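Good morning, and thank you for making time for this item. I would like to take the group through one model, from its overall architecture down to individual residues.

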Amino acid sequence: MPERTSKRLTTLAHEQVASVLIEGDVAIDATAGNGHDTVFLRRCVGETGQVVAFDVQALALANTEQRLRAVFGRATDNVQLIMSCHSTLVTHCETREGDVGAVMFNLGYLPGADHRVVTTPVSTRSAIAAACRWLRPGGLVSVLVYVGHDGGAEELGTVLALCDQLSPRYTVDHYQSQHAPSTAPQLFRIVRDV
Ligand code: SAH
């Protein structure tokens, strides 16, 4: 059962990620969407770090690029936007296994866009598994799962099963907002032991 929290799950996810990232880290946004997490990760890793953001939709990457420009001006050389499935992160990232500080997933569909373009269990599973392997000691994978749409419950089941099967060197915490119905989003924090 998820632990209940009075915080918004997006706020809690940001607090958790900020607590492990340091200036100069490598961070991955597995679902760029409208770019909120990409901007947040770039702030955490600073000028000397590196952010890699994935999305399968050109619209999402355009929105992300626009948001980056609005916030940082032209100083976003250290953010790489990749139009590809996040399950390919291992081939696209120049970092080695064990080098990544944090990976964020915000699953589901892009609000305001085509709801049929949605994350799906098979690629979500393989992307989260790869993200866990790529973490450095003390690194964190954050997964926000939406349950209300078609396929959402199945995707939640996949994430729960994967978390159960992870090696004991990963610690998983699982949250849902206080008083929220069972169809409300759920957050998973997966931390690699130091
Ligand atoms: N549900 C969230 C937003 C999620 S955005 C909210 O309501 O705030 C999820 C993003 O994941 C979308 O932009 C979508 O295009 C992207 N996406 C879908 N499948 C993907 C995949 N296999 N790899 C990478 N990104 C994917």
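I shall begin with the basis of the model, then turn to the fold, the surface, the cysteines and one asparagine.

This is a predicted model, in which local features need pLDDT of at least 70 and side-chain atom pairs count only at pLDDT 80 or more, while totals for chains, interfaces and linings use all residues. Residues are numbered from 1 along each chain as its sequence is written, and side-chain values use heavy atoms, with hydrogens and water left out.

First, the fold. The chain contains 6 helices and 8 strands, where helices (H or I, at least four residues) and strands (E, at least two) are DSSP runs numbered from the N terminus. Their order along the sequence is β-α-β-α-β-α-β-α-β-α-β-α-β-β. With a radius of gyration of 15 Å, close to the 16 Å that the globule rule gives for 194 residues, the chain is as compact as a globular protein of that length. That radius is taken over C-alpha atoms, and the rule is 2.2 Å times the number of residues to the power 0.38. Along the principal axes, the C-alpha atoms fill a box of roughly 45 × 40 × 30 Å.

As for contacts, meaning heavy atoms within 4.5 Å, residues 24 or more positions apart account for 74% of those with a separation of 6 or more.

Next, burial and surface. Of the 194 residues, 52% count as buried, that is, under 20% relative accessible area with a 1.4 Å probe, protein chains only. The chain exposes about 9200 Å², of which carbon and sulfur atoms supply 52%; these areas come from the Shrake-Rupley method with a 1.4 Å probe.

What does a search of the whole structure find in the way of disulfides? It finds 0, a disulfide being a pair of cysteine sulfur atoms within 2.5 Å. For cysteine 163, the closest cysteine sulfur belongs to cysteine 132, at 7.3 Å, too far for a bond. Cysteine 163 is buried, at 11% relative accessibility, and cysteine 44 is also buried, at 19%.

Finally, asparagine 78. This residue is placed in the loop between α3 (58–72) and β4 (79–83), and at 14% relative accessibility it counts as buried. Beyond its neighbours within four places in sequence, asparagine 78 contacts Arg42, Gly46, Glu47, Thr48, Gly49, Gln50 and Val51. Glutamate 47 lies 31 residues from asparagine 78 in sequence, yet their C-alpha atoms are 7.2 Å apart.

Conventions: Buried < 20%, exposed > 50% of the residue type's maximum accessible area, 1.4 Å probe, protein only.
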